[in-house]
Amino acid sequence: MTVPHHSSTLTGWREWVSLPGIGVPWIKAKVDTGAQTSALHATGIAEFERDGESWVRFTVHPWQRNDADAAQVELPLHDRRTVRSSSGHAQERLVVLTDLEIVGRRISTEVTLTDRDEMVFRMLVGREALRQGFVVDSATSFAGAKPPREVRRRNRGRI
């Protein structure tokens, strides 16, 4: 038996998370053990070159029901991945590295960029992130901190 070198932090099947490195203090995420890599709703995704390196520019829309508080982001391009949806559809996505705060812990993780406008959650937290010391309780929601009421109302489109 191997002993993990990190804690086993309990998380629910959905959590309020933050992406502090890209200016997103709150975004509601589905914790998805069926997804290998985490995914983030992004629009206007465009590659460009800076100092001979590949970068990506995109806009993050953290709220589920409105476009308020969108964050303009530029990050180095980390990778490209072909991601297969549960329906079998394959899509090539750009991958960035960013910090993710979930249930009071900050980790660095890979995130694919995609249009999740038709999805309920603007972000998925996948197994690669969860492998860093998280245990998912499928009967629990929001094991971590919840944002203030005004933030939750904003997410529901009640600005």
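These legends accompany several views of one predicted protein model, from the whole chain down to single residues.

**View 1. The whole chain, end to end.** Let's start with the overall picture of this predicted model. The chain holds 2 helices and 11 strands. If you walk along from the N terminus, the elements come in the order β-β-β-β-β-β-β-β-β-β-α-β-α. The C-alpha trace spans about 45 × 45 × 35 Å along its principal axes. How does the radius of gyration of the chain, 16 Å, fit with that of a compact globule? It agrees, because a compact globule of 159 residues would have a value near 15 Å.

View 2. Of the 159 residues, 44% count as buried. The accessible surface comes to about 8,800 Å², and carbon and sulfur atoms own 46% of that surface. Look also for the charges: there are 23 positive and 20 negative side chains, with the centres of the two sets 10 Å apart. Among contacts with a separation of 6 or more, 58% join residues 24 or more positions apart.

View 3. Find Thr114 in strand S9, which covers residues 105–114. Is this residue buried or exposed? Thr114 counts as buried, because its relative accessibility is 5% and the cut-off for buried is under 20%. Leaving out residues up to four places away in sequence, Thr114 touches Ala39, Leu40, His41, Ala42, Ile45, Gln91 and Arg93. With Gln91 there is also a polar contact between the two side chains, at 3.3 Å.

**View 4. Ala29 in strand S3.** Ala29 sits in strand S3, residues 24–31. With a relative accessibility of 0%, Ala29 counts as buried. Which residues does Ala29 touch, once those up to four places away in sequence are set aside? They are Trp13, Arg14, Glu15, Val17, Phe121, Met123 and Val125. For a sense of scale, pick out Glu110 as well: Ala29 and Glu110 are 81 residues apart in sequence, and their C-alpha atoms are 15 Å apart in space.

**View 5. Ser18 in strand S2.** Strand S2 runs over residues 14–19 and includes Ser18. Ser18 has a relative accessibility of 9%, so this residue counts as buried.

**View 6. Asp69, a loop residue with a positive phi.** Asp69 belongs to the loop between strand S5 (53–60) and strand S6 (71–76). Why is a positive phi worth a look? Most residues other than glycine have a negative phi. Asp69 is not a glycine, yet its phi is positive, near 60°. Its relative accessible area is 43%, so Asp69 is partly exposed.

View 7. Our last stop is the loop between strand S11 (134–137) and helix H2 (149–155), where Phe142 lies. Phe142 is no glycine either, but its phi is positive, about 55°.

Terms used:
Residues numbered from 1 in each chain as written. Predicted model: local features only at pLDDT ≥ 70, side-chain atom pairs only at ≥ 80, totals over all residues. Heavy atoms only, no water. Helix = DSSP H or I, 4+ residues; strand = E, 2+ residues; numbered from the N terminus. Buried < 20%, exposed > 50% of the residue type's maximum accessible area, 1.4 Å probe, protein only. Polar contact = N/O pair within 3.5 Å; in protein donor to acceptor, adjacent residues only side chain to side chain. Contact = heavy atoms within 4.5 Å. Rg over C-alpha atoms; globule rule 2.2 N^0.38 Å. Areas by Shrake-Rupley, 256 points an atom, 1.4 Å probe, with all protein chains shown as cover. Lys, Arg positive; Asp, Glu negative; His and termini not counted. Charge placed at Lys NZ, Arg CZ, Asp CG, Glu CD.
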